[in-house]
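Please keep the sequence and the model at hand while reading.

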Amino acid sequence: GNFPTEVGNLNYLSFSRVNGNGFTGPVPTELGRLGQLSELWYHENVFTGTLPSELGRLYRLQDFRIWGNKLTGTIPDELWNMSKLKRFSVREMAISGTLSTLV
């Protein structure tokens with residue numbers, strides 16, 4: 001089923017690892033409210049749609065794994081605001097476009 005949007009209310013969550021759980025539907029925009037998040041592992045699910053630009057608010061994020069889903073579109077420019085990002089894995093999806101020169 002869909003990933004619960006209520007996750008956006010977990011203000012002190014520092015990592016979220018839900019890889020390989022069969023979640024479907026869009027990646028919740030509410031994740032952008034998780035300002036303490038340093039790891040976001042959402043790979044090997046069945047998320048659809050595009051990467052939400054709200055994820056660009058995750059300034060503390062260091063490890064973002066979203067590969068192996070059914071996401072499409074381009075990587076939003078806002079994601080390059082994540083200046084602490086060390087790992088960004090988007091393979092095995094229909095993501096297109098070019099990486100920012102800020103990478």
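His43 is found in the loop that runs between strand 3 and strand 4, the latter covering 46-49; strands here are DSSP runs of E with at least two residues, helices are runs of H or I with at least four residues, and both are numbered from the N terminus. The model is a predicted one, in which local features need pLDDT of at least 70 and side-chain atom pairs count only at pLDDT 80 or more, while totals for chains, interfaces and linings use all residues. Residues are numbered from 1 along each chain as its sequence is written, and side-chain values use heavy atoms, with hydrogens and water left out.

With a relative accessible area of 6%, His43 is buried, where buried means under 20% relative accessible area, exposed means over 50%, and partly exposed lies in between, as computed with a 1.4 Å probe on protein chains only. Leaving aside residues up to four places away in sequence, His43 touches Asn19, Gly20, Arg65, Ile66, Trp67 and Asn69, a contact being heavy atoms within 4.5 Å.

## Salt bridges

A search of the whole structure returns 3 salt bridges, each defined as a side-chain nitrogen of Lys or Arg within 4 Å of a carboxyl oxygen of Asp or Glu. One of them joins the side chains of Arg17 and Glu39, at 2.4 Å from N to O. This pair links distant parts of the chain, since Arg17 belongs to strand 1 (residues 15-17) and Glu39 to strand 3 (residues 39-41), 22 residues apart. Arg17 counts as partly exposed at 42% relative accessibility, and Glu39 is likewise partly exposed, at 21%.

Arg65, one of the residues touched by His43, forms a salt bridge with Asp63 at 2.9 Å, N to O, and both Arg65 and Asp63 are buried. The side chains of Arg91 and Glu92 meet in a salt bridge at 3.5 Å, N to O; here Arg91 is partly exposed, with a relative accessible area of 42%, whereas Glu92 counts as exposed at 55%.

## Asn21 in its loop

Asn21 sits in the loop between strand 1 and strand 2 (24-25), and not counting residues up to four places away in sequence, Asn21 touches Glu44 and Asn45. A polar atom of the Asn21 side chain lies 2.9 Å from the backbone oxygen of Val18, and the side chain of Asn21 also reaches the backbone oxygen of Asn19, at 3.3 Å.

Note on methods: Polar contact = N/O pair within 3.5 Å; in protein donor to acceptor, adjacent residues only side chain to side chain.
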